[in-house]
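Colleague: I've got a model open and I'd like to learn how to read its features. Could you walk me through a few?

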Amino acid sequence: MTTTEARPAVPPVERSKRRISINPRQSGIYVAFALIVVLFEVLTGGALLEPQNISNIIVQNSYVLILAIGMILVIISGHIDLSAGSVVAMTGAVSAVLMVNSHVPWFLAVLITLVVGAAIGAWQGYWVAYFGIPAFIVTLAGMLAFRALTLTVLGNQGIGPFPDAIRTLSNGFTSGYLGNIGLGPLGGADLVSLLAGVAAVAGIVFTQWRKRAGRMGYGQDVDPFGVFVLKIAGIAVLVLALVVQLARFKNLPWVLILLAVLVLGYSLVAGKSVFGRHIYAVGGNLQAATLSGVKVKQVTFWIFVNMGVLAALAGIIFAGRLNQAGPTAGVNFELDAIAAAFIGGAAVQGGVGKVVGAITGGLIMAVINNGMSLIGAPSERVMLVKGVVLLAAVAYDIWTKRRAAS
């Protein structure tokens, strides 16, 4: 009788040394972002990464980034929302009527506006989830209907000005509570902003370390420790460089803090919660999700409710930035949000995508807009470049999937 000796299991630490795991679909977007930033930094003679210009990029594109957070969840679930820009205009008009015309306290008006956005999302979510009409048709109808309602509410004229609190949220910066600190040749920088940057880096290091330890605990492949340290160091340098530049100008924009909270919260929901896993399941394989007991209709319904709330928030931010709600607000915003999601790694078929990826895609669009404006490029050339970048991103996604399948 022969016996076979069982092969000893490879410890996770040894497994981690076998190979460097690189996902081209996930890492490609960040490499492309870095290359685009370097390109425009050279073309603009260093103007792109000036403190004031970095602040302008964040403030001027904040509403698109907010929309991109909601849009990525819609696209992951296998749907689309073409009404987001019209909902931005509609909710901005509602907030203006409440705050300016009716003199409702700003915090109550914001709450009512978010509820209106949720109601709009619930209306569209009902037709998609429970009546079975494709989201493309429902939201296309919504794009026309809510634009018409905006024109009805505003009567072809803008309403403003907005209260100081809304303008501060949209355009303002944090106060220098602890004063400035000298940074040698860089000059002075706000101490609170610098401490916030250090705290953000510490949070990133902690979460990535826990993620690595968890993967090793389950015996999964992870990057060698040296590569892991290099990745974290690179992220830390980028975050601290951004914070230092902002701290040298006017401290941190309030809207950046709002975006950071949204990105963190939605990343946790998408990656760690049951609801987030259900979103990926619905978009990845609808039949399998249904057979697994996922309440597909409820998931779809609440995704559109969430999209309506974020569109309302974007509407308030945009109206506050312009200091008035106008009938032409939000035009093509939905296209920018959709482009940000796809450039950021979302799959056309659904089931794939990350909140951070959508934000990165939105920042790529923002850098292209800003960089080409700095070099004096005409608007038609800007649209051409953005279209090429979007097509290239989707083509790259399809190519990587075919390569993985083969």
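Colleague: Which residue forms a salt bridge with Arg 167, and how far apart are the closest N and O atoms?

Modeller: Keep in mind that this is a predicted model. To call a salt bridge, you look for a side-chain nitrogen of Lys or Arg within 4 Å of a carboxyl oxygen of Asp or Glu. Here Arg 167 pairs with Asp 164, and their closest N and O atoms are 2.3 Å apart.

Colleague: How are Arg 167 and Asp 164 separated in helix 8?

Modeller: They sit 3 residues apart in helix 8, so about one helical turn separates them. As for accessibility, Asp 164 counts as exposed at 52%, while Arg 167 counts as partly exposed at 28%.

Colleague: How many salt bridges does a search of the whole structure find?

Modeller: The search turns up 2. Besides the one in helix 8, the side chains of Lys 386 and Asp 336 meet in a salt bridge, at 3.6 Å from N to O. That pair ties together distant parts of the chain: Lys 386 belongs to helix 17 (residues 379-405) and Asp 336 to helix 15, 50 residues apart.

Colleague: Is Lys 386 buried or exposed?

Modeller: Buried means under 20% relative accessible area. Lys 386 has 15%, so it's buried.

Colleague: What about charges on the surface? Which residues gather in a patch of positive charge?

Modeller: Arg 210, Lys 211, Arg 215, Lys 272 and Lys 354 do. Helix 9 (residues 191-217) supplies the largest share of that patch, with 3 residues. Lys 211 is found in helix 9, and it is partly exposed, with a relative accessible area of 45%.

Colleague: And which residues make the nonpolar surface patch of about 570 Å²?

Modeller: Trp 106, Phe 107, Leu 108, Leu 111, Ile 112 and Val 115 make that one. Take Val 115 as an example: you'll find it in helix 6. Exposed means over 50% relative accessible area, so Val 115 counts as exposed at 52%.

Colleague: Now the aromatics. What describes a pair of aromatic rings?

Modeller: You use the distance of the centres and the angle of the planes. In this structure the count comes to 13 aromatic pairs. One of them is Trp 209 with Phe 225, an edge-to-face pair with 6.2 Å centre to centre and 90° between the planes. This pair also links distant parts of the chain, with Trp 209 in helix 9 and Phe 225 in helix 10 (residues 225-249), 16 residues apart. Trp 209 is partly exposed at 46% relative accessibility, and Phe 225 is partly exposed with a relative accessible area of 46%.

Colleague: What kind of aromatic pair do Phe 225 and Phe 228 form?

Modeller: A tilted one, with 6.4 Å centre to centre and 35° between the planes. Both residues lie in helix 10, 3 residues apart, which is about one turn of the helix. Phe 228 is buried, with a relative accessible area of 12%.

Colleague: Which residues form one aromatic cluster?

Modeller: Look at Trp 123, Tyr 126, Trp 127, Tyr 130, Phe 131, Phe 301 and Trp 302, which form one cluster together.

Colleague: Where is Asn 332 found?

Modeller: In the loop between helix 14 (296-322) and helix 15 (333-343). Asn 332 also has a positive phi, near 70°, and it is partly exposed at 42% relative accessible area.

Colleague: Which peptide bond is cis, with omega near 0°?

Modeller: Check the bond from Gly 160 to Pro 161, which is cis. Pro 161 lies in the loop between helix 7 (135-154) and helix 8 (164-171).

Definitions and conventions. Residues are numbered from 1 along each chain as its sequence is written. This is a predicted model: local features need pLDDT of at least 70, side-chain atom pairs count only at pLDDT 80 or more; totals for chains, interfaces and linings use all residues. Side-chain values use heavy atoms; hydrogens and water are left out. Patches are made of residues with over 30% relative accessible area and no salt bridge: like charges are joined within 9 Å, nonpolar side chains (Val, Leu, Ile, Met, Phe, Trp, Tyr) within 5 Å. Accessible areas come from the Shrake-Rupley method with a 1.4 Å probe; for residues, only the protein chains shown count as cover. Lys and Arg count as positive and Asp and Glu as negative; His and the chain ends are not counted. The place of a charge is taken as NZ of Lys, CZ of Arg, CG of Asp or CD of Glu. Helices (H or I, at least four residues) and strands (E, at least two) are DSSP runs, numbered from the N terminus. Buried means under 20% relative accessible area, exposed over 50%, partly exposed in between (1.4 Å probe, protein chains only). Rings of Phe, Tyr and Trp (its six-membered ring) pair if their centres lie within 6.5 Å; planes under 30 degrees apart count as stacked, over 60 as edge-to-face and the rest as tilted.
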